[in-house]
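Please keep the sequence and the structure in view while reading.

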Amino acid sequence: MAEHTRSSITIEAAPAAVMGVIADFDRYPEWTGEVKEAEVLSRDDEGRAQQVRLLLDAGAIKDDHTLAYTWISADEVRWSLVRSQMLRTLDGSYALAPLEGGQRTEVTYQLTVDVKIPMLGMIKRKAEKVIIDRALAGLKKRVEAAPAGGADAETAG
């Protein structure tokens, strides 16, 4: 059975603003660090990404992979690997919980990674933890730097 790594962070913004940044795949290269390209391949009836191709450069791990996204609710999204050059599994989720009446958001990121090359479990979990911590820190910085109107305020008009 695959083990997963999970971590949480509190962001000084409403859940909708946080999910707006998470769902804006085209801008991932601006704030994630490891994602060099992001391309939405398909969308659902509500315009949300269903499949996204990501070109990843995380030092030792360079990969071109496609993820399938499932939008569970306004506060949760899950993804799973469709295809990859280096990975066997890449399953994850963001779950958002409003705090203080929705003024702040606790974001929990869960990730399961399995690479095609042999790797000790301890090293794999450490890599998962680094990926999660960087993603959460980048997400927090991006959301909290957005104008008061949220991510959409930058493109409105």
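How many helices and strands does the secondary structure of the chain come to? In this predicted model, the chain comes to three helices and seven strands, which follow the pattern β-α-α-β-β-β-β-β-β-α when read along the sequence.

**Chain as a whole**
- Of the 157 residues, 39% count as buried, and the accessible surface comes to about 8,600 Å², with 51% of that area belonging to carbon and sulfur atoms.
- Among the contacts with a separation of 6 or more, 45% are accounted for by residues 24 or more positions apart.

**Aromatic pairs**
- The count comes to eight aromatic pairs, including the tilted pair of F25 and Y69, with 4.7 Å centre to centre and 55° between the planes.
- This pair links distant parts of the chain, since F25 sits in the loop between α1 (15-22) and α2 (28-31) whereas Y69 belongs to strand β4, 44 residues apart.
- F25 is buried at a relative accessible area of 2%, and Y69 also counts as buried, at 10%.
- W79 and Y109 form an edge-to-face pair, 5.6 Å centre to centre with 75° between the planes.
- Because W79 lies in strand β5 and Y109 in strand β7, their pair ties together parts 30 residues apart in sequence; both residues are buried.
- F25, Y28, W31, Y69, W71, W79, Y94 and Y109 form one aromatic cluster.

**Position T66**
- T66 is placed in strand β4 (residues 61-73) and is buried, because its relative accessible area of 3% falls under the 20% cut-off.
- Leaving aside neighbours within four places in sequence, T66 is in contact with residues that include L41, V52, S80 and V82.
- The C-alpha atoms of T66 and L90, 24 residues apart along the chain, are separated by 9.8 Å.

Key: Residues numbered from 1 in each chain as written. Predicted model: local features only at pLDDT ≥ 70, side-chain atom pairs only at ≥ 80, totals over all residues. Heavy atoms only, no water. Helix = DSSP H or I, 4+ residues; strand = E, 2+ residues; numbered from the N terminus. Buried < 20%, exposed > 50% of the residue type's maximum accessible area, 1.4 Å probe, protein only. Contact = heavy atoms within 4.5 Å. Areas by Shrake-Rupley, 256 points an atom, 1.4 Å probe, with all protein chains shown as cover. Phe/Tyr/Trp six-rings, centres within 6.5 Å; stacked < 30°, edge-to-face > 60°.
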